[in-house]
Amino acid sequence: MLKVDKEIVSFSINPGGYAKGGTSLENKTGGWRSFRPVLNKEKCVNCMICWLNCPDDSIVVKDGQMLGFDYDYCKGCSLCSNVCPTKAISMVPEV
Amino acid sequence: MAINLKQIAGMEAAYVKGHRMCAGCGVAVFVRELFIASKTAGVDVVIANATGCLEVTSSVYPESAWKYPWLHVAFENAPAAISGVERAYYALKAKGKIKDDRKVKFVAIGGDGASFDIGLQSLSGALERGHNILYIAYDNEAYMNTGYQRSSATPLYADTTTAPFGKKIPGKTQTRKDLFAIAVAHGIPYAATVSIYHWNDLITKIQKALTVEGPTFILSLTPCIPGWNMPVGDAVSLAKAAVETGYWPLVEYENGVYKWSSANPKQLKPIEEFLASQKRFAKLLKNPELLEKFKQDVISNYEKYKKLCGVA
């Protein structure tokens, strides 16, 4: 029969790592960009399809108006330009 | 619940910028839409994330892109971990230690590697036990995070690093696993397939999956830029093409009844429209014989679900 010679009183568990929510804001991804989205406000109808689809949450919207882009984080993927129904967003090379 | 984009535009993101996902990633678009669904449905979520693209890019220590309670676990046990979180929540509630009455849904997210292959047994266990969870499989059709190895979700004849399309063997020679059917076979109350282009359909389905009591399941097609080897800004338009060509039928399963989504096309477009811009299918497109087999596979899957839904 198995003999237990010592009772386990307590043991510690490694707590693991944690990070505070929303802290990735510190990492500005705008430097990834080789093409920059540019808005033609005359064509824009504020349908917000670009806002919905931006993978980097970089479409600036205020009071139902599409105002432009957050170039600190925009990775220049051109998704907004592709989904825009009125072709109001054009991609220009970064210099 | 209908969504008015103009009204919700500008709402605070729950998955914030600064994450390291590839430019134009389809999964990032999906997660955005997931949070819009959770906020508009008024349901708070707790997330367990299996290892995968979404996890490694959103939680580069010591940062996190998530604004909801979020837990990273291994490849194989996200559904098991979220089952534990769910039980603990209800136990604490029964003891009176949690007093607020807000609606909470426990969500596990995994890629196709975690859902179709490595985590399938724990997913099956969690669905069978009937926890109040939503399991989301975002399907980018291979192990994209580790270098595009084939998974059981990879489609027929796709070129991957472990099943390359060569002269003797034409890429992956097996058809994709039907995880949707496997999930439905557990007798769960709600399951649906979604695509990121059809956002209204997607958000409505996720809202339903979040509010239905019991285990629910969502399977989403999320295009992968480097893995599918396609132009950077095309994630959403390819998701659209997948639905329009019949490659990705949008279906719903609710309490034993299949429903055909109204977002499905009336007339199917030629499959080439979906394949053309993806270089993983470049060699398949040059081989008419295999292309015909690929088409038959897509059509038989499409017809199977059409029949299940009772659509002529």
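Predicted model: local features only at pLDDT ≥ 70, side-chain atom pairs only at ≥ 80, totals over all residues.
Me: How many helices and strands does chain B have?
Reply: Elements are DSSP runs numbered from the N terminus, with helices (H or I) of at least four residues and strands (E) of at least two. On that basis chain B has 13 helices and eight strands.

Me: Why can chain B be called as compact as a globular protein of its length?
Reply: The comparison uses the radius of gyration over C-alpha atoms and a globule rule of 2.2 Å times the number of residues to the power 0.38. For the 312 residues of chain B the rule gives 20 Å, and chain B is as compact as a globular protein of that length because its own radius is close to that value, at 19 Å.

Me: Which order do the elements of chain A follow, and what is its radius of gyration?
Reply: Chain A holds two helices and four strands, running from the N terminus as β-α-β-β-α-β. Its C-alpha atoms fill a box of roughly 85 × 30 × 25 Å along the principal axes. The globule rule gives 12 Å for 95 residues, and chain A is more spread out than a compact globule because its radius of gyration is well over that, at 24 Å.

Me: What share of the residues of chain A counts as buried?
Reply: Buried means under 20% relative accessible area, exposed over 50% and partly exposed in between, with a 1.4 Å probe and protein chains only. In chain B, 58% of the 312 residues count as buried, and for the 95 residues of chain A the share is 41%.

Me: How much area do chain A and chain B bury between them?
Reply: The size of an interface is often given as the accessible area lost when the parts come together; here that loss is found with a 1.4 Å probe and summed over both parts. The contact (heavy atoms within 4.5 Å) takes 35 residues from chain A and 34 residues from chain B. With 60% of it on carbon and sulfur atoms, the buried area is about 2,900 Å².

Me: Which three residues supply 23% of the area that chain A buries against chain B?
Reply: These residues of chain A supply more of that area than any other three. They are A:Ser24, A:Trp51 and A:Leu52.

Me: Is B:Thr216 buried or exposed?
Reply: B:Thr216 lies in strand E6 of chain B, residues 216-221. Leaving out residues up to four places away in sequence, B:Thr216 touches several others, including B:Lys105, B:Tyr135 and B:Tyr190. Its relative accessible area is 0%, so B:Thr216 is buried.

Me: What distance separates the C-alpha atoms of B:Ser115 and B:Ala137?
Reply: B:Ser115 belongs to helix H5, residues 112-118 of chain B, and is buried, with a relative accessible area of 0%. Among the residues that B:Ser115 touches, beyond four places in sequence, are B:Tyr135, B:Leu179 and B:Ala137. Although B:Ser115 and B:Ala137 are 22 residues apart along the chain, their C-alpha atoms are separated by 6.0 Å.

Methods: Residues numbered from 1 in each chain as written. Chains lettered and ligands numbered in written order. Heavy atoms only, no water. Buried area = accessible area lost by both parts, 1.4 Å probe.
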